[in-house]
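Thank you all for coming. I would like us to look together at how two chains meet, and then at what lies inside.

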Amino acid sequence: MTTPDAAELRRRTQDLLAAHPPAATDRTDFLRARFDAGLAWVHYPAGLGGLDAPRSLQPVVEAELAAAGAPDNDPRRIGIGLGMAAPTILGYGTDEQKQRFLRPLWVGEEVWCQLFSEPGAGSDLAALGTRAVRDGEDWVVDGQKVWTSSAHLARWAILIARTDPDQPKHRGISYFICDMTDPGVEVRPLRQITGEAEFNEVFLTGVRIPDSRRLGPVGEGWKVAQTTLMNERVSIGGARIAREGGMIGPVARTWRERPELRTHDLHQRLLTLWVEAEVARLTGTRLRQQLVAGQPGPEGSGMKLAFARLNQEISGLEVELLGQEGLLYSDWTMRRPELVDFTGRDAGYRYLRSKGNSIEGGTSEVLLNIVAERVLGLPVEPRNDKDVAWKDLAR
Amino acid sequence: MTAPTEETQAPDLLYSEAEDDLRAAVRSLLADRCDAPTVLARIESDTPYDPQLWKALAAGIGTAGLLVPEKLGGQGAGHREAAVVLEELGRSVAPAPYLTSAVVATETLLALAAQDGPVAELLGDLATGRRIAVLAVPFSAPAPDAAQPAGVVAGAVEGTVTGVADAATADVLLVPTTDGLYAVETGSAGVTVEPLVPLDLTRPLANVNLAKAAATRLADGASAVSAVRRGLLAGAGLLASEQLGLAEWCLTETVRYTRERHQFNRPVGSFQSLKHRMAQLWLEVVSARAAARNAADALATGSPDTPLAVAVAQAYCSKVAVHAAEECIQLHGGIGMTWEHPAHLYLKRAKADSIAYGTAGHHREAIAELVELPAP
C-alpha cells in the first residue's frame, strides 16, 4: 500500500462517516470502527489503528470528524495509555501484544496507568526496588509504587521491576504489563496537598504476571522505559493552546473584570507573565512546526520546564490578586477525581496543584540535567553508582 | 480533540532553505572579516565601522536591499530574511549600520510608497549599500512616541537630536519635523555630527545639530508620523533577532568554555549548579527564537498582530540577551572580565539593545493597551 495523502485520508474518513453515521451509532461502536479503518492515529501501522501515514496528516482526519460531530475517545481521560503505554507497546511489544492491547486502549474501553515511581525511587527512578522473580512461565512481583494517577480506574498498568539485583541498577530492570484486577494488586488513595487523592499508592504482593506480558528483553526494561518517559514529556509539554489558553487566561479575565483588585505591582508582574505565557505558546507552536517539517528538536523537555515554572508563578500571582478571597479555599473534601481540572477550580487549588508540575514526569532538576547533557553536550557529573550492583547501593 | 486549524493559520516560525543559505553566506563573510580580535581592534580606532566589510555585506551579498522591492533596486525579499542577517550580526557583534540604515531608515522610506523622485532614488542607494541613511531620532526612542522632531525654519531644518545611532557614519539623515520628514545630507552646511562616548562601542552614537541645514522634504506631517512609526516598529521587531543571535553566541561560547575549563579536577561544566544555569539559558534562547521569528513573520506578512508581536518580542528578547551576556561573563570567571576576551562586547551590546527602540517596560505598556490589561 502506498502512503495515503490528505485527499485519501479525507476520502476514507468520509467513507467511515457514511458507514457509521455518528448520530445513529453507539459511541464505542463508532470508535472501534474508526480504529479498524486506520483513522485512530494515522501514523500507526495498518491493522493497528493507523495507515502508515505521516503524523502531520492527523489533523485532516480530526477536522472531518469534528465537522461531522463524531465522538472523540476522551483523550484526557486515557492520556497515560495514549501518551505513554501505546508508543511503548508499539515500539517493543510482540505482534500478539499489539493486537491485544492497542485497540481497547485507543477506544478508551481500557484505562492504563503507570507503575514507575516508588517511595524510594523518584528522580533516581532506576534505583527502584520492586522485585519480579521468575517462577516457571510467570514472574512474581512484590513491591510498592506511588504517585500513580488513574490507578483506581485502570485495567492495565505498565510496570518496571527489578529482575536482577546483582546487576548495576540500570541493567537489572525489566518491563511488564500488569493486570490491575489480579489478586495481590491493592490501590490506596494518596491524599495530596490539594486535599484530594488524584494519585494513588499501589501495593503489589505476590502478583503473578505471565512472561508473555513482558515488554522487551529481560534486563532491558530501562531502555524500554526511556521510550515511555520521552513520550511522557512530549505529551506533557506539547499541548496546543490558544493565546491566553493556559493558566494566564483566568488571571487576565479577573484583571479585566475586577478593576478594584488592580495594583501597580501586580500589573507589572501580570504583564511580565503574560509575555512569558505568550512566548511559551509560540515556542510550542514552533516545536510542532519542526515536528511537522520532520526536524524534531529537543525542545520537548524544555516546554515542560517552561510550563511548570509559568503555572506556578501565574497561579501564585492569581491568589495574591484575589486578596481577601485568596485567603479562602473552595473545598478540602477528600475526592478522587478522574482528571486534573486546572481551570475549573479556584485559584488556591491551581496554586497548590501546580507545585506538582515541576515534580511529575521528571523533576525540573532532572530535566535541566537532560537538557544540559543531551542538548548542550555538557559533561556528566562524576557518579558512583554506575558499576555497583543494585543490591550494594546505599539506601 | 482541538480544532486543527491553528497550524495553518499560525505564523511560520521556521527558517526556509533560502534563509539558511543567506545565513551561511553572512556567517562565512563575518567569520573572515569580523572575528573578535578584528572587532576589538576596530572599536578603539577612529573608524569603528569598516567600509570594506559594509561593502561586502551590503553590496557583495546584497543584504542591504532585502526589504526593498526589485523595481527600486533591492532584493525584494523581506523581514524574515533581514532578521536572519541580524541574527548573524548579533552573533558577531558586528560594527555595521545594518539595523539603522537597511532596516529603520529603509522601512521609513518604504512607508512613503514612492515609485520615483528623491525617496525612490534614496531607497535605491540604500539598497545597494552605496549610501547610508539613519533616522535622526534618539536610539532609545520607542515606536509609539516617534521621538523629538526638529523644527523647520523657512525651508531649512533647525534643531538638535541627541543620541542618534550611526549618525557619524551616515551620508543622509532622515529628520522628522513638525512639518514633515526631511532628508539632510550630513556633508551640507549647518550640519554638525558630534560623536559621543557610547556604552556599546560597536554601535556609535552622536548628537546631531542642524542649524538651518538645507533639506529635501520627503513627506508631509501625517505621512511622516506614520512612516517614522513604521520604521521604528520594524527596528524594534528585527532588533529581537539581533538579540537572539547575540544570546546564542553567549550560550554557545559559555558551553564551549565550561567544557574545557577544569577546576577541582573536573570540567567546570560538569557541576550541576552551572549546568542548570546553562540549560535555563538554552530554554530562554529557544523561546526568544520563537518570539523573534514571530515578530519577523508578522512584519513580513503585514499581519494586524504586528504591534503585539513586536512588543512581545522586545519585552522578552532584550531580557534574554542581557541575561545571556551576564551569565557568559560570570561563567567565564576572571577571563570574562578582561578587555581581551570578547564577552564584554556582547554585554555592552545587549545592555544598549535593551534600551534601543523602547525598553522592555515601554513594550509591556504597549502590550497592556493592546490586550486590554490596563494599569490601575
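Across the interface of chain A and chain B, 17 residue pairs are in polar contact, both residues being at pLDDT 80 or more; a polar contact is a pair of N or O atoms within 3.5 Å, where within protein one must be able to donate a hydrogen and the other to accept it, and residues adjacent in sequence count only if both atoms are side-chain atoms. Please keep in mind that this is a predicted model, in which local features need pLDDT of at least 70 and side-chain atom pairs count only at pLDDT 80 or more, while totals for chains, interfaces and linings use all residues. Residues are numbered from 1 along each chain as its sequence is written, chains are lettered from A in the order in which they are written, and side-chain values use heavy atoms, with hydrogens and water left out.

Between chain A and chain B there are also four salt bridges, each a side-chain nitrogen of Lys or Arg within 4 Å of a carboxyl oxygen of Asp or Glu. A:Glu381 and B:Arg266 meet in a salt bridge through their side chains, at 3.2 Å from N to O.

How many residues of each chain are in contact, meaning heavy atoms within 4.5 Å? In chain A there are 53, and they touch 51 of chain B. The area buried between the two chains is about 4600 Å², that is, the accessible area (1.4 Å probe) that two parts lose on being put together, summed over both. Of this area, carbon and sulfur atoms give 67%. A:Arg240, A:Arg286 and A:Gln289 supply 14% of what chain A buries against chain B, more than any other three residues.

Notes: Contact = heavy atoms within 4.5 Å.
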